Amino acid sequence: MLNILIVEDNAMYSKILINYLSKKILFASFSTISSFKELKNNYDYDLFIVDFNLPDASGEQINFLLEKNKSVIIISASDSSEIKEKFNDKIVDFLKKDDSSTIEYLSRLIKRLQKNKNINVLLIEDSKAMRNFQANILKRININVITASDGEEGLEKLKQNDIDLLITDINLPKTDGIEVIKRVRKEKSIEEFPILAVSSNHDNTSSRALKKGANDFITKPFEKEEFIVRVNNLLEMFESIKKYKKEVMTDPLTGAYNRLYLQTKLDGLFKIYETKSIAMLDIDFFKQINDTYGHQCGDEVLQTFVKVIKNTIRRGDITIRYGGEEFLIFMPNVNKKEALIVVTKIRIALKDYDFTFSAGIADEGETLAEMIKIADERLYKAKESGRNRVIIQ
């Protein structure tokens with residue numbers, strides 16, 4: 001649970017903040033105080049939303065919190081450039097109290113700060129001062145930052161780390177940012193991996209970067225607030241895309257992947273691994289289960305089957321609802337004898353349930369389609385020879 005303290009002397013505005021944020025953010029608890037005096041004895045919180053002008057302070061409360069290394073969002077009735085210049089490189093963000101859009105943005109920002117704890121950004125920038133400037137901003141919004149000082153180093157670190165967003169300068173030594181973008185796009189499409197391009201050039205650099213595959217562009221020098229908004233917006237957009245794709249490619253009943261995932265994703269994974277196996281599993285007498293006990297019971301059997309499969313298979317294995325009561329398991333880095341061990345564990349895990357399954361396993365076949373065909377033929381053979389068995393030859 002994220003503990004947030006609102007320091008605000010306007011009781012009505014404080015109440016509005018508490019009511020709105022409490023409804024929108026379920027992972028946080030909110031408290032409120034109205035003066036610097038109270039704050040001095042009440043600062044054990046994860047995040048502070050602080051009005052700049054309090055009855056007993058005009059900025060002193062901000063210094064107090066920053067000296068204790070606290071995360072602070074300043075809210076103020078005036079959009080003062082003087083306040084921004086004084087605190088901008090030390091606080092999370094500065095917000096002007098105006099209308100409901102500010103409170104909505106504050107809600108999104110808090111959610112993003114929590115999510116960012118699991119976000120890794122690769123920052124490629126040859127200027128040490130600019131690299132530190134950008135890295136410090138990213139760290140202020142809870143992002144884990146990995147840095148590189150040239151294009152080649154950046155591309156190498158991209159291979160070595162699990163990166164959620166790439167931020168690259170265009171003018172880089174060894175390999176420039178345009179080339180970096182081109183090489184990244186050979187591996188990761190514009191829809192699945194976000195890139196923010198940065199440059200001090202004011203010519204056609206932005207259009208070149210966007211045409212080569214950058215998702216957004218920002219020109220130096222830029223304000224911290226603009227940088228934060230662009231980064232957070234990219235992360236939000238790609239999380240929404242990822243969530244949508246997962247929903248589209250997931251069977252709503254069982255939670256296994258569906259045929260769309262098979263047709264669009266699995267072939268690429270199949271080509272990556274030199275050794276791999278496919279198991280085709282089919283629930284025995286499933287029509288009889290539906291006819292005897294009803295389709296609701298049949299649905300529960302399907303859900304139980306997938307739950308047992310997911311709890312038994314290895315972390316990198318993939319379960320797909322191939323059709324009806326038939327399921328495909330893709331198992332990388334194992335031959336069919338090793339895959340048999342996994343499928344046998346599924347059979348053992350189901351011993352206390354009132355249904356069984358038949359299976360066929362294959363590691364032969366040059367293509368995904370060929371391997372599925374061989375495994376499916378062995379599944380048919382298992383059903384023809386009595387069911388409740390696994391065939392690998």
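Which residues of S15 are buried on one side, and which on the other? Glu326, Leu328, Phe330 and Pro332 are buried on one side of S15, and Phe327, Ile329 and Met331 on the other, so that both faces are covered. Here buried means under 20% relative accessible area, exposed means over 50%, and partly exposed lies in between (1.4 Å probe, protein chains only).

This is a predicted model, in which local features need pLDDT of at least 70 and side-chain atom pairs count only at pLDDT 80 or more, while totals for chains, interfaces and linings use all residues. Residues are numbered from 1 along each chain as its sequence is written, and side-chain values use heavy atoms, with hydrogens and water left out. Helices (H or I, at least four residues) and strands (E, at least two) are DSSP runs, numbered from the N terminus.

**The sheet**

- Five strands form an open sheet with mixed pairing, in the order S14-S15-S13-S16-S17.
- Its edge strands are S14 (318–323) and S17 (390–391), each of which pairs on one side only; two strands pair if DSSP finds at least two bridges between them.
- Strands of a sheet pair through backbone hydrogen bonds, either parallel or antiparallel.
- S13 and S15 (residues 326–332) run antiparallel and are joined by seven bridges.
- Within S15, Ile329 stands opposite Ala279, and Pro332 stands opposite Lys276.
- S14 and S15 also run antiparallel, with five bridges between them.
- Glu326 in S15 is the bridge partner of Gly323.
- The hairpin of S14 and S15 has two residues between the strands, and Gly324 takes a positive phi near 60 degrees there.
- In a regular strand the side chains alternate between the two faces of the sheet.
- Seven of the seven residues of S15 are buried.

**Ala359 in strand S16**

- Ala359 lies in S16, which covers residues 357–362.
- Ala359 counts as buried because its relative accessible area is 0%.
- Along the sequence, Ala359 and Leu379 are 20 residues apart, but their C-alpha atoms are 4.7 Å apart in space.
- Leaving out residues up to four places away in sequence, Ala359 touches several residues, among them Met280, Leu281, Val343, Leu379 and Val390; contact means heavy atoms within 4.5 Å.

**Helix H12**

- Phe286, Ile289 and Asn290 are buried in H12 (residues 286–293).
- These residues are on the same side of H12 because they cover an arc of only 95 degrees around the axis, where the arc is that of the directions from the helix axis to the C-beta atoms.
- Lys287, Gln288, Asp291 and Thr292 are exposed on the other side of H12.
- The buried residues of H12 pack against strand S13 (276–283) and helix H13 (295–312).
- Gly294 follows H12 and has a positive phi, near 100 degrees.

**Surface residues**

- Tyr244, Val248 and Leu260 make a nonpolar surface patch of about 270 Å².
- Patches are made of residues with over 30% relative accessible area and no salt bridge, where like charges are joined within 9 Å and nonpolar side chains (Val, Leu, Ile, Met, Phe, Trp, Tyr) within 5 Å.
- A salt bridge is a side-chain nitrogen of Lys or Arg within 4 Å of a carboxyl oxygen of Asp or Glu.
- Accessible areas come from the Shrake-Rupley method with a 1.4 Å probe, and for residues only the protein chains shown count as cover.
- Leu260 is part of helix H11 (residues 259–272), and its relative accessibility of 33% makes Leu260 partly exposed.
- Lys23 is in helix H1 (residues 11–24) and is exposed, with a relative accessible area of 70%.
- Lys23 and Ser107 are 84 residues apart along the chain, and 9.9 Å separates their C-alpha atoms.
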